[in-house]
Amino acid sequence: MPAEEPTDQDPRPETAPAAPPQVPGGGPSVRVDSWVWSVRLTKTRSQAASACKGGHVRVNGERVKPSQPVKEGDEVRVWHSGRERRVVVTKLIKKRVGAPVATTCYVDNSPPPPPREFAAPVSVRPRGAGRPTKRDRRELDRLQGGT
């Protein structure tokens, strides 16, 4: 029996490199939960997915599922940490990147965050004055903005 001669060809069929997924409108796309996490609008991908499931993420004004594709030019609104972030997608990324690079992937059209309220000064009672009376307590409440 003759020995098998080595061939230069690999017996496995060649596979083309994976192309990025396409949306029906054309162009590459990325999952919205992955993109929101990648550009650091949420801290974890599971938080991004939970926000999508809870209706806190909208793409072009519509509530989306975590698997919804997002493409360049889409407006993404995320309600997270007590404020709404409005961003327009300028670049698609799948992997989480550093903050300086992440900010180049979107245009932030969010309203400015509300000003922090100054903490009311803590009332200082003289040491040894004892427990405040009902009248003192009502005056303190009135000074601190209570009724």
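From the N terminus on, the elements run β-α-α-β-β-β-β-β-α-β-α. That gives 4 helices and 7 strands in the protein. Keep in mind that this is a predicted model.

The mean pLDDT of the protein is 82, with 76% of the residues at 70 or more. Among the elements, helix α4 (residues 134-143) has the lowest mean, 87, while strand β2 (residues 57-59) has the highest, 95. Where pLDDT is low, the predicted coordinates should not be read in detail.

**Overall numbers**

The protein has 147 residues, and 23% of them count as buried. Its accessible surface comes to about 11500 Å², and carbon and sulfur atoms account for 53% of that. As for how the chain folds back on itself, take the contacts between residues at least 6 apart in sequence: 44% of these join residues at least 24 apart.

**The nonpolar core**

Which residues have the most contacts inside the largest nonpolar core? They are V32, W35, V36, V39, L41, V57 and V76, in a core of 22 residues. The elements that give two or more residues to this core are α1 (32-38), α2 (45-53), β2, β5 (75-80) and β6 (83-89).

Start with V32. Leaving out residues up to four places away in sequence, V32 touches C52, V57, V59, V64, K65, P66, Q68 and V70. So much for one of the core residues; V36 is another.

V36 sits in helix α1 and is buried, at a relative accessible area of 1%. Beyond its neighbours within four places in sequence, V36 is in contact with L41, T42, A48, V76 and V78. If you want a distance to check in the viewer, the C-alpha atoms of V36 and V87 are separated by 10.0 Å, with the two residues 51 apart along the chain.

Now for α2, where A48, A49, A51 and C52 are buried. Looking down the helix axis, these buried residues fall within an arc of 160 degrees, so they line one face of α2. As for what covers the buried residues of α2, α1 and β2 are included. After α2 comes G55, with a positive phi near 85 degrees.

S34 is in helix α1 and is buried, with a relative accessible area of 7%. Its side chain reaches the backbone oxygen of K94 at 3.4 Å.

S110 is found in the loop between β7 (106-108) and α4. Is S110 buried or exposed? It counts as buried because its relative accessibility, 17%, is under the 20% cut-off. The side chain of S110 has a polar contact of 2.5 Å with the side chain of D108, and it also reaches the backbone nitrogen of R86 at 2.8 Å. Apart from residues up to four places away in sequence, S110 touches R83, E84, R85 and R86.

Most residues other than glycine have a negative phi, and most peptide bonds are trans. R40 has a positive phi, near 65 degrees, and lies in the loop between α1 and α2. N60 has a positive phi too, near 55 degrees, and is placed in the loop between β2 and β3 (62-63). What does the accessibility say about R40? At 40%, R40 counts as partly exposed. N60, at 44%, also counts as partly exposed.

Here are the accessibilities of the residues discussed individually:

| Residue | Relative accessibility | State |
|---|---|---|
| V36 | 1% | buried |
| S34 | 7% | buried |
| S110 | 17% | buried |
| R40 | 40% | partly exposed |
| N60 | 44% | partly exposed |

Methods: Residues are numbered from 1 along each chain as its sequence is written. This is a predicted model: local features need pLDDT of at least 70, side-chain atom pairs count only at pLDDT 80 or more; totals for chains, interfaces and linings use all residues. Side-chain values use heavy atoms; hydrogens and water are left out. pLDDT is the predictor's confidence in each residue, from 0 to 100. A nonpolar core is a set of buried Ala, Val, Leu, Ile, Met, Phe, Trp, Tyr and Cys residues joined through side-chain atoms within 4.5 Å. Buried means under 20% relative accessible area, exposed over 50%, partly exposed in between (1.4 Å probe, protein chains only). Contact means heavy atoms within 4.5 Å. The arc is that of the directions from the helix axis to the C-beta atoms. Accessible areas come from the Shrake-Rupley method with a 1.4 Å probe; for residues, only the protein chains shown count as cover. A polar contact is a pair of N or O atoms within 3.5 Å; within protein, one must be able to donate a hydrogen and the other to accept it, and residues adjacent in sequence count only if both atoms are side-chain atoms.
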